Amino acid sequence: FFFLFEFRDGSWGGGNQFLKALRKELARANAYAPTFSQSDVILFNSHHNIRDVVKARRQLPGTLFIHRVDGPMAYRGLDGEKVDKKISFLNRKLADGTVFQSSWSRTACYKAGYEANRFEVVIPNAPDPDLFYPGPAQSVDGRKIRLVSTGWSTDENKGAEFLRFLDEALDFSRYRFNFVGRSARKFKNINILAPMTSVELGKFLRSQDIFVFTSKYEACSNSLLEGRHCGLSIIALDSSSNPEVVEGQGELFSTKQDLLTKIEQVAQTLTSGGRREIRVQKIDQIGRCYIDFAREIKASVDAGLYSTKHWTTFDFIRSLI
């Protein structure tokens, strides 16, 4: 594998954080190439690095190209619809295989006009287990219960309305609420903390009790997975892929009042010492899924049942950039 993706150091979006974890796992499994010309499989992400992907597709006609799809983005309005068209076009013209991050994303992308690819699979994300793992059990006796949310985007669809509600309605004599990341809003009671490195964030999450996730539209939230992998009790909005990510091992809410009720229920469970063990898919399992998917496509190529796609002109790219 080689990733045609511009990696960012430090705090950044969920896709960047997951792909760094996946690259590290594939390297550990001796399945990552140092350069794209030495790779058997090119992984490209969503609509990013379009020119580089097209150039590589022309230069490496026999190499497999796997597309990790993000979206759909139509909830962002006209700009989001334009992004969906880019992703759909790239998937149709350049991708030999398509990875959807959740079943919800796959179905929603079809509704948004994506065409099915010959080779498709749903593979969720997972964080780096060296950074995000459960801490020792801790008592909540004699102290406030610690709630936490994390986020990188300031989009209102990330759940700001629920945070504003909690800032007014939550009993802060019993709870402390920390938000880590970027926020376009100031709060009276919720404590805003600047974005942290992954090392810092993992350590901080292990000091918390309940992870509250309020985002409406997620293909497969890395933030939510980080909270789960750190062993926190989960309360997430019953929307998009969130139920798939929670996997029945947390609470889902649908309204503001429901959110308050679920916080109280989980707090009661923690007070009585009832935090349950959370089972998660780890990055080694996810890495194996990517490898197996590439091998499935390669087997069809070797058997003469499929020929890799090849694009010969740059003309179409003018309408995408």
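In this predicted model, helix 5 (residues 160-169) packs against helix 9 (residues 256-271) at an angle of about 60 degrees, and the two axes lie 10 Å apart. That angle makes helix 5 oblique to helix 9.

**Helix 5 and helix 9**

- The crossing of helix 5 past helix 9 is right-handed.
- Helix 5 contributes Glu-161, Phe-162, Phe-165, Leu-166 and Ala-169 to the contact.
- From helix 9, the contacting residues are Lys-256, Gln-257, Leu-259, Leu-260 and Ile-263.

**Helix 1 and helix 10**

- The axes of helix 1 and helix 10 are 9 Å apart, and the packing angle is about 75 degrees.
- An angle between 65 and 115 degrees counts as roughly perpendicular, and helix 1 and helix 10 are therefore roughly perpendicular to each other.
- On the helix 1 side, the contact involves Phe-18, Ala-21, Leu-22, Glu-25, Leu-26 and Arg-28.
- On the helix 10 side, these residues meet Ile-283, Asp-284, Ile-286, Gly-287, Tyr-290 and Ile-291.

**Helix 2 and helix 3**

- Helix 2 (residues 50-59) and helix 3 (residues 78-94) pack with their axes 12 Å apart, at an angle of about 10 degrees.
- This angle makes helix 2 roughly parallel to helix 3, since angles under 35 degrees fall in that class.
- Ile-50, Val-53, Val-54 and Arg-57 of helix 2 make the contact with Lys-86, Leu-90 and Leu-94 of helix 3.

**Aromatic pairs**

- The structure contains 11 aromatic pairs.
- Phe-18 belongs to helix 1 (residues 14-28) and Tyr-290 to helix 10 (residues 283-302), so the pair ties together parts of the chain that are 272 residues apart in sequence.
- Phe-18 counts as buried, with a relative accessibility of 0%.
- Tyr-290 likewise counts as buried, at 0% relative accessibility.
- A cluster connected by ring pairs comprises Phe-2, Phe-3, Phe-5, Phe-7, Tyr-32 and Phe-36.

**Charges over rings**

- Arg-23 lies over the face of Phe-7, at 3.9 Å from the ring centre; Phe-7 is also a member of the ring cluster.
- The charged end of Arg-206 is positioned over the ring of Tyr-133, at 3.8 Å from the centre of that ring.

**Backbone features**

- The peptide bond that leads from Gly-71 to Pro-72 is cis, with an omega near 5 degrees.
- Pro-72 is situated in the loop between strand 3 (64-69) and helix 3.
- Ser-46 is not a glycine, yet has a positive phi of about 55 degrees.
- The loop between strand 2 (41-45) and helix 2 holds Ser-46, which is buried with a relative accessible area of 1%.
- Asn-49, likewise not a glycine, has a positive phi of about 55 degrees.
- Asn-49 is placed in the loop between strand 2 and helix 2, and is partly exposed at a relative accessible area of 22%.

- Asn-222 is part of helix 7 (residues 222-229).
- With a relative accessibility of 6%, Asn-222 counts as buried, the cut-off being under 20%.
- When residues up to four places away in sequence are set aside, Asn-222 touches Gly-14, Gln-17, Phe-18 and Asn-125.
- Asn-222 and Asn-16 are 206 residues apart along the chain, and their C-alpha atoms are separated by 9.6 Å.

- Ile-145 is located in strand 6 (residues 145-151).
- Ile-145 counts as buried, at 5% relative accessibility.
- Neighbours within four places in sequence aside, Ile-145 is in contact with Val-140, Arg-174, Tyr-175, Arg-176, Asp-209, Ile-210, Ala-267, Leu-270 and Thr-271.
- From C-alpha to C-alpha, Ile-145 and Thr-214 are 19 Å apart in space, with a sequence separation of 69 residues.

Methods. Residues are numbered from 1 along each chain as its sequence is written. This is a predicted model: local features need pLDDT of at least 70, side-chain atom pairs count only at pLDDT 80 or more; totals for chains, interfaces and linings use all residues. Side-chain values use heavy atoms; hydrogens and water are left out. Rings of Phe, Tyr and Trp (its six-membered ring) pair if their centres lie within 6.5 Å; planes under 30 degrees apart count as stacked, over 60 as edge-to-face and the rest as tilted. Helices (H or I, at least four residues) and strands (E, at least two) are DSSP runs, numbered from the N terminus. Buried means under 20% relative accessible area, exposed over 50%, partly exposed in between (1.4 Å probe, protein chains only). A charge sits over a ring if NZ of Lys or CZ of Arg is within 6 Å of the ring centre and within 35 degrees of the ring normal. Axes are lines fitted to C-alpha atoms, for helices over the stretch in contact, and angles run from 0 to 180 degrees between N-to-C directions. Angles under 35 degrees count as roughly parallel, over 145 as roughly antiparallel, 65 to 115 as roughly perpendicular and the rest as oblique. A crossing is left-handed if the near helix is turned anticlockwise from the far one by less than a right angle, and right-handed if clockwise. Contact means heavy atoms within 4.5 Å.
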